[in-house]
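Biologist: I should like to learn how to read a few features of a structural model, beginning with a helix. Could we look at one together?

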Amino acid sequence: MRGSEEFLDVSIWRQQDGDGHFETFQVPRRDNQTILDVVVWVQQQADPTLSYRYACRVGMCGSCAMMVNGAPRWTCRTHVQKVAKGNRVEIAPLRNLPVIKDLAVDMDPFFDKWVAADAVFEPSQTRNDPMAPITPDDPMRIAASEAIECINCGICYAACDVVASNPDYLGPAALNRAWSLVNDSRDAGQEARLDAVSQGGGCHNCHAQQGCVRHCPNELNPTASISGLKRATAKSIFGWGA
Amino acid sequence: MIRPHRTHALWFAFMLHRVSGIGLALFLPVHFYMLALALTDPQQLDGFLKFTDLLLVKCAEFGLVFLLAVHMFGGLRLMALEFLPWTPRQKTYAATAVALAFFVSTSFFLRAL
Amino acid sequence: MLTLRLYMAQRLSALIMAPLTLGHLAVMIYAVQGGVSVAEILERTQGSLAWFLFYGSFVVAVAVHAAIGLRVIMFELCGLKGVMLTLFGWLVFAILLGLGGRAVWAVTFVGGGL
């Protein structure tokens with residue numbers, strides 16, 4: 001049985017139209033508490049006007065992504081005892097995206113860049129054609145599969161300094177998906193895709209800082225995918241490769 | 001103060017590469033100007049070359065060679081990352097690049113003494 | 001803000017410079033032994049086509065490489081864009097090519113003022 005109850009010093013970003021600020025709440029500390037538990041407690045017990053997003057709360061959907069003590073994380077999968085600095089925790093909306101209210105960001109720019117990177121499958125056949133015979137040990141399929149598990153949570157986008165300094169930069173997630181499609185032999189839009197990722201906001205702006213690799217909860221490697229795009233676009237200059 | 005999401009080895013590798021590049025870009029015009037003095041004023045150049053016998057200058061030269069070597073090995077590491085098959089040992093290569101750069105500049109320094 | 005062409009120019013100039021840099025470092029480590037003077041340098045380099053080509057290509061490569069590198073930094077840190085950014089890049093290229101070319105000329109061809 002615990003003696004006196006412990007409290008967390010939680011700073012949460014509040015913003016509604018225009019500039020925001022941090023507000024502090026005292027949140028009772030519990031065993032196995034996650035950051036999402038903390039945010040939920042604040043909204044239910046302290047301030048019902050707090051806005052935030054979550055859905056599955058079990059680390060599958062990526063909706064609860066926020067900046068926790070300066071690093072982008074899934075809050076439902078972040079234990080307080082792992083990240084708290086003493087008793088202090090700072091929670092802010094995802095970096096590099098416009099804030100709608102408090103902890104909820106506008107994901108539109110993220111998805112607009114997804115489309116701009118041509119990270120969209122372009123079919124080469126119809127339902128009347130036979131199925132494409134792709135074996136699981138095909139090297140291209142393996143490359144595509146390694147990059148395919150992205151659930152568009154936006155954490156890599158928030159972690160990336162190039163996204164922060166270059167408004168046109170398509171970002172790790174969009175480029176990662178573009179790479180998985182470059183490796184999809186059923187796709188018919190390869191030339192247009194390589195063109196799409198070679199513009200001013202394209203893959204060549206990546207500095208390989210690998211903040212994306214460090215923070216991706218699905219352990220994807222967008223830097224490797226972007227390097228793949230760099231190779232593919234370089235080859236296309238000389239007319240080599242697909 | 002470095003933000004938490006940047007405290008990893010590969011980010012430092014990037015920052016080192018950028019800083020060394022800026023340093024070299026600032027140094028080069030001066031270097032070129034000094035060399036061209038061989039044409040217009042060889043005596044001034046000779047005087048300057050004698051000045052490089054000073055220990056302080058030799059330490060500065062060590063710093064310059066270090067910047068050059070770290071920028072080059074860091075750049076080669078980056079190009080290996082981009083164009084060769086991916087390996088998980090990128091951090092090791094980053095450290096190796098710095099170590100090699102240090103080695104090269106030290107040997108320069110020792111020879112110059 | 002790199003497009004494919006700028007990126008390739010950057011990478012290719014880097015590749016060209018790798019052996020040139022190692023060569024330059026080796027030469028310097030050898031040359032600075034026992035002190036260095038103008039006469040010592042010039043007596044080895046003047047009239048030499050080989051040194052002219054070596055350092056000449058070094059200067060061209062570094063002018064390209066540094067101009068593009070600084071262009072990226074100006075864009076990312078200072079937000080310079082569009083025409084101004086392009087002008088800045090060309091300016092850096094011109095300065096390095098000009099000063100560097102003059103230095104190569106000074107060291108490999110007989111003096112007498114330019």
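Biologist: Which residues of helix 4 of chain C are buried?

Modeller: An α-helix has 3.6 residues a turn, so residues three or four places apart point the same way. In this predicted model, the buried residues of helix 4 of chain C are Gly89(C), Val92(C), Leu96(C), Leu99(C), Gly100(C), Ala103(C), Val104(C), Ala106(C), Val107(C) and Thr108(C). A residue is buried if 20 or more other C-beta atoms, placed from the backbone, lie within 10 Å of its own. Helices (H or I, at least four residues) and strands (E, at least two) are DSSP runs, numbered from the N terminus.

Residues are numbered from 1 along each chain as its sequence is written, while chains are lettered from A and ligands numbered from 1 in the order in which they are written. Local features need pLDDT of at least 70, side-chain atom pairs count only at pLDDT 80 or more, and totals for chains, interfaces and linings use all residues.

Biologist: What covers the buried residues of helix 4 of chain C?

Modeller: The cover includes helix 1 (9-40) of chain B, as well as helix 2 (38-45) and helix 3 (49-78) of chain C. Contact here requires C-beta atoms, placed from the backbone, within 7 Å.

Biologist: How many Å should helix 4 of chain C span?

Modeller: The expected span is 1.5 Å times one less than the number of residues. Helix 4 (residues 82-108) of chain C has 27 residues and should therefore span 39 Å, which agrees with its end C-alpha atoms being 39 Å apart. Gly79(C), with a positive phi near 70°, follows helix 3 of chain C.

Biologist: How should I read a strand, and which residues lie on each side of strand 3 of chain A?

Modeller: In a regular strand the side chains alternate between the two faces of the sheet. In strand 3 (residues 65-68) of chain A, Ala65(A) and Met67(A) lie on one side, Met66(A) and Val68(A) on the other, and all are buried.

Biologist: Which strands pair with strand 3 of chain A?

Modeller: Two strands pair if DSSP finds at least two bridges between them. Strand 3 of chain A pairs with strand 4 of chain A in the antiparallel sense over four bridges, with Met66(A) opposite Arg73(A). These strands form a hairpin with two residues between them, and Asn69(A) in the turn has a positive phi of about 50°. Strand 3 of chain A also pairs with strand 5 (residues 88-92) of chain A in the antiparallel sense, over two bridges; there Met67(A) has Ala92(A) as its bridge partner.

Note on methods: Buried ≥ 20, exposed ≤ 12 C-beta atoms within 10 Å, placed from the backbone. Contact = placed C-beta atoms within 7 Å.
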